[in-house]
Amino acid sequence: MAHDPAVTRARIAAGVFSVGLLVATLSPLARDPKARKSDGYPLSTFPMFAEKRATKLTITYALGDAPSGARTLTPALVGTGEVLQARAMFETALAGGPRRIAELCAQIATRVAADGDYADVTAIRIVTGTHDAVDYLIDGKHGPEKLRGQCEVKR
Amino acid sequence: MNWFFADAPRERLAAVRILIGTWAFVYLAARSVEFFKVASLGAPHFEPVGVTRILGGPLPVSVAMITLGASLVLLVLFVLGVGYRVVGPLAAVGVLWSTTYRTSWGMVFHTDNLLVLHMIALAFAPAAHAFALAKPPTRPARAGYGWALKLLVALTAATYVIAGIAKLRLGGLGWLDGEVLRNHIALDNLRKAVLGDWLAPLATLFLAHPGAFTIFSVMSLALELGAPIALVGGKPARLWAVGAWSFHLGVVLLMNIWFVYPLTGVAFAALLPVERPVGRIVSRLRSILRT
């Protein structure tokens with residue numbers, strides 16, 4: 001069976017395909033995972049959770065102002081079901097300047113107005129907060145927040 | 001070479017095709033609302049990656065949804081094993097395109113990569129020689145069926161090894177002391193807290209008692225760099241799969257990040273005698289359809 005030329009040809013084809021796909025999958029090893037934009041899809045450097053990071057984080061997010069205090073808003077209210085995509089949307093809006101922030105704020109306000117669970121929210125603030133993750137999560141200590149934009153929730 | 005081409009039952013490869021194809025269908029269908037939301041975000045948020053770099057801007061939402069619908073139809077045919085030589089590659093392209101388009105909005109996800117690689121491998125393998133609506137071939141595949149199963153396992157192992165090497169390249173051996181992992185877990189949960197997502201159930205407990213992160217770090221790296229042991233097959237491979245599954249469960253409990261493909265076990269199907277349970281289900285379905 002192994003000496004059948006047709007079998008040999010089929011094995012060579014399967015072997016070439018397999019090696020090609022494996023080499024492609026391993027090719028991100030030739031990239032520098034530190035370099036921004038070095039990651040790809042589906043051929044990834046899988047850099048997640050690898051880099052040394054301090055526990056202090058500066059991040060932009062939205063808050064809903066309610067009589068009981070500021071409420072966090074779900075990613076769905078930002079326009080996506082994914083928390084990391086919501087973060088990317090805030091970063092993009094921030095990079096786009098006050099107009100983009102205002103647009104995003106208005107979109108969030110429209111979704112909040114239509115959501116009964118947020119009936120007490122009267123205004124949206126987009127802020128950039130700097131928090132120590134461990135202090136925030138373990139002790140509830142919040143860091144400073146800088147206002148980037150705000151808008152009313154119209155009902 | 002003989003090791004790579006050692007034969008395996010055609011039913012096993014076919015069962016893996018059914019499991020992975022069904023999984024991809026359910027996953028994409030369940031993500032369709034999310035897909036619609038991100039596809040509606042507009043040009044300012046579009047950051048193409050991989051194959052979507054051929055686009056000058058986002059597709060009209062209707063076109064994006066049609067491509068998703070076409071991918072789902074192709075996946076149904078893929079699972080049924082209809083016109084596989086054509087349908088297999090097209091279904092793989094459909095999954096590649098749909099998952100890439102979804103990840104082209106500012107955040108590159110790492111949860112779907114292995115599924116896409118497995119789909120590409122299956123697309124060019126004789127995976128529809130059993131459990132298919134099409135008539136089975138009169139003679140077996142000339143290169144056999146075992147190589148395709150080994151390729152699936154090798155791709156799985158490769159992705160884990162790359163992740164392990166990235167940790168050593170970026171964090172050095174210092175990654176093992178647990179601080180890097182602890183900080184990532186803290187940061188990830190902080191992001192969830194301020195962006196309105198659920199915190200991981202065990203995150204605050206372990207962040208308050210950080211000693212365990214050294215153990216978690218050593219185990220994670222050992223599992224990732226030791227992934228090639230899965231190619232040995234048998235008990236070592238199954239033990240590794242259990243370890244990898246437990247690792248992903250830990251990621252859920254500490255970070256609320258769901259790598260659903262490995263968590264459901266489908267990512268490890270090529271390591272297991274899945275032809276038995278899948279064969280029973282196929283037989284049952286056939287008898288129902290006959291009556």
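Tutor: Start with Ser71(B): its side chain reaches the backbone oxygen of Gly94(B) at 3.2 Å. Keep in mind that this is a predicted model. Ser71(B) sits in helix 3 of chain B, which covers residues 61–80. Is Ser71(B) buried or exposed? Its relative accessibility is 2%, so Ser71(B) counts as buried, the cut-off being under 20%. Look at what surrounds the residue. Neighbours within four places in sequence aside, Ser71(B) is in contact with Leu28(B), Gly94(B), Val95(B) and Ser98(B).

Now move out to the interface. Chain B brings 70 residues to the contact, and chain A brings 66 residues. Between them the two chains bury about 6400 Å², with 72% of that on carbon and sulfur atoms. On the chain B side, the most area is lost to chain A by Ile162(B), Leu170(B) and Leu195(B). Together these three account for 12% of what that side buries.

Turn to the polar side of the interface. There are 13 residue pairs in polar contact between chain B and chain A, counting pairs with both residues at pLDDT 80 or more. The salt-bridge rule finds two across this interface. One salt bridge joins the side chains of Glu82(A) and Arg31(B), at 2.8 Å from N to O.

Which helices of chain B supply at least two residues each to the side that touches chain A? They are helix 2 (32–39), helix 4 (84–102), helix 5 (113–123), helix 6 (146–171), helix 7 (179–194) and helix 8 (203–208). Helix 6 gives the most, with 14 residues. By class, this side of chain B holds 41 nonpolar, 16 polar and 13 charged residues.

Stay with helix 6 of chain B. Of its 26 residues, 23 are buried, so the helix is mostly covered under the 20% cut-off. At 1.5 Å a residue, the 26 residues should span 38 Å. The end C-alpha atoms lie 37 Å apart, which agrees.

Conventions: Residues are numbered from 1 along each chain as its sequence is written. Chains are lettered from A and ligands numbered from 1 in the order in which they are written. Side-chain values use heavy atoms; hydrogens and water are left out. Contact means heavy atoms within 4.5 Å. Buried area is the accessible area (1.4 Å probe) that two parts lose on being put together, summed over both. A salt bridge is a side-chain nitrogen of Lys or Arg within 4 Å of a carboxyl oxygen of Asp or Glu. A polar contact is a pair of N or O atoms within 3.5 Å; within protein, one must be able to donate a hydrogen and the other to accept it, and residues adjacent in sequence count only if both atoms are side-chain atoms. Helices (H or I, at least four residues) and strands (E, at least two) are DSSP runs, numbered from the N terminus. Ala, Val, Leu, Ile, Met, Phe, Trp, Tyr, Cys and Pro count as nonpolar, Asp, Glu, Lys and Arg as charged, and the others, Gly among them, as polar. The expected span of a helix is 1.5 Å times one less than its number of residues. Buried means under 20% relative accessible area, exposed over 50%, partly exposed in between (1.4 Å probe, protein chains only).
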